[in-house]
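Student: I'd like to learn how to read charged pairs and cores in a protein. Could you walk me through it?

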Amino acid sequence: MMQKFSNREVDRLAERLRSDSLEEPDAGRLREIIRHHPAGRRRLVEQLYLAADLKEAISNRTIERSTSRSGNVIRRWVPVLAGGLAAAAAIALMLAKPWEPEKSQPMTQAKEAASALDSEGIAVISRSSHAVWGEQTSLPLDRLGDGSPIGEGTIELLEGVAQIDFYSGVTVILRAPAKFHLISPELCRLDYGNLWANVPPPARGFRVDSTAFKVVDLGTEFGIKLEKNGQGEVHVLEGEVRVQSILEKGQPERILKSGNAVSYGADHRSKAIAARPREFQASVQLSEGAQARFEEWAAYQATLSQDPDMLIAYTLPRVSSWERQVRNHAEAGPPHTDGAIVGCKWVDGRWPGKGALSFNNSSHRVRLDLPGLYKDLSLACWVRLDDIGSAEVSLIHPETRQDNHIHWTLINVNEKVMHLHFAESAPLNGRSDRQYYHCPVNLYQFIKLGEWVHLGVVYDSKARQVIHYVNGEVIGTVAIEEPRELGVGIADIGNWPYHEWAAGTKWEVRNLDGLMDEFLIAKRAWTPAEMRELWLAGRP
């Protein structure tokens with residue numbers, strides 16, 4: 001029996017392939033994914049190009065790509081993967097057209113395409129827990145589970161639970177294994193699986209078709225349990241539904257009310273049974289899945305906070321909405337380094353029960369004072385950008401008047417492009433000598449407004465480079481000509497202290513407009529593996 005796969009497994013195998021540490025049986029497993037799983041092949045090629053081709057281009061501080069050279073970088077892995085003609089052909093086809101970093105025009109086209117998808121939408125997948133999508137899923141994978149509109153199409157759910165909110169107001173929760181077709185805001189089809197639906201009064205008449213029966217909701221809440229062979233059950237949890245058998249000839253429609261249920265056997269005959277509402281508590285599974293991820297992250301952060309090189313660990317556990325301090329959980333951090341909250345409100349973060357701070361105007365910020373100078377620095381944060389209202393967005397910006405200060409921002413921000421930016425300065429002949437480490441890669445390739453993203457930057461004095469990260473992956477490196485000790489001092493997170501310095505210009509306002517629920521600073525250079533582990537541990 002062909003074994004299913006997950007994105008996490010492909011990412012792990014791709015990492016071993018990139019580091020030349022792929023051995024049997026992992027190599028055989030990767031060949032199997034390439035042969036039999038189109039979605040897995042796409043994921044693999046995406047990972048390889050991001051790691052090799054893009055990294056090579058960025059190391060030259062340009063986004064122009066040498067097709068032949070980076071093609072060779074990727075193609076050196078083909079013999080490892082091509083355990084047969086089918087695998088070799090699959091890889092060759094995927095590599096035939098070079099992948100290129102998107103520039104502003106392609107990004108505009110991508111946004112136009114996304115806008116078209118939005119206009120054709122009939123529902124959104126608002127929540128999921130441990131979801132693994134199957135090959136028969138026809139909807140774009142990057143729009144599943146992030147609240148993006150989805151249109152007519154098929155969902156194959158191999159593992160986990162997914163919640164679908166239809167534009168009609170109907171909420172459907174699927175539990176794997178399941179195959180489900182979205183047809184319109186008022187109509188869907190279930191091939192097999194466990195389905196729970198809540199239908200508000202304006203959506204009365206919502207219909208679920210299947211190979212065995214049709215269910216029309218007449219008010220509120222019902223569940224369906226359906227096997228691949230057509231055997232199934234319909235349970236009414238509240239309200240009533242109309243059920244019409246497709247295979248049972250000559251039978252009238254059934255009206256089922258709260259507490260009633262009907263089953264359809266292999267002989268296509270129906271019989272009344274008692275409703276079992278406990279079998280349709282998928283919403284509880286969603287909450288339990290989110291809670292489990294939250295607990296995994298909390299355990300990881302507890303260990304990370306004990307790192308002797310950790311200076312700032314603002315992990316933002318949920319506290320009272322009246323709390324105006326952000327506690328520094330770094331056990332080895334300097335004293336008196338808790339942050340002061342100015343204006344921001346406490347809200348839910350990446351998971352229910354996880355705290356976050358909402359930044360939504362030019363006065364909001366977290367003020368901190370981190371003393372000392374350091375040869376190396378690593379910074380990372382989880383943010384959700386909800387809007388872009390200025391040409392530069394501050395992640396952390398110390399007071400401009402300090403020597404040896406750094407700042408980390410998003411720069412050249414508009415609806416088409418956005419870049420990560422890091423800078424540092426030191427006194428030179430009575431003036432500030434500023435060095436810029438700008439990443440030219442367009443961030444819109446990796447993130448969307450309204451979604452959580454993990455950003456990172458490392459100042460590595462030994463390697464003489466500044467490394468930019470998005471979601472655990474290196475997207476750019478910039479050479480350091482002369483390493484210097486750097487500090488943070490008095491600084492604002494999510495804002496900057498001296499608006500008057502740029503008064504009247506487009507750089508005057510730099511506040512974050514969105515949420516932040518984690519900010520870390522360490523006094524050593526994190527490795528790519530450590531930054532990736534940090535992202536993996538914190539993924540929603």
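Tutor: Gladly! A salt bridge here is a side-chain nitrogen of Lys or Arg within 4 Å of a carboxyl oxygen of Asp or Glu. Side chains of opposite charge can pair when their charged atoms come close. Keep in mind that this model is predicted.

Student: How many salt bridges does the structure hold?

Tutor: There are 14. In one of them, the side chains of Asp492 and Arg365 meet at 2.7 Å, N to O. Asp492 belongs to strand β26 and Arg365 to strand β17, so this pair links parts 127 residues apart in sequence.

Student: Is Asp492 buried or exposed?

Tutor: Look at the relative accessible area: buried means under 20%. Asp492 has 0%, so Asp492 is buried. Arg365, at 15%, also counts as buried.

Student: Which residue forms a salt bridge with Asp492 at 2.9 Å?

Tutor: That is Arg367. Arg367 lies in strand β17 too, so its pairing with Asp492 in strand β26 ties together parts 125 residues apart in sequence. With a relative accessible area of 28%, Arg367 is partly exposed. Elsewhere, salt bridges with shared partners connect Asp307, Asp309, Arg524 and Glu530 in one network.

Student: And what about the largest nonpolar core: how many residues has it?

Tutor: Think of buried nonpolar residues joined through side-chain atoms. The largest such core has 52 residues, and Phe519 and Trp408 are among those with the most contacts inside it. Strand β18 supplies the largest share, five residues.

Methods: Residues are numbered from 1 along each chain as its sequence is written. This is a predicted model: local features need pLDDT of at least 70, side-chain atom pairs count only at pLDDT 80 or more; totals for chains, interfaces and linings use all residues. Side-chain values use heavy atoms; hydrogens and water are left out. A nonpolar core is a set of buried Ala, Val, Leu, Ile, Met, Phe, Trp, Tyr and Cys residues joined through side-chain atoms within 4.5 Å. Buried means under 20% relative accessible area, exposed over 50%, partly exposed in between (1.4 Å probe, protein chains only). Helices (H or I, at least four residues) and strands (E, at least two) are DSSP runs, numbered from the N terminus.
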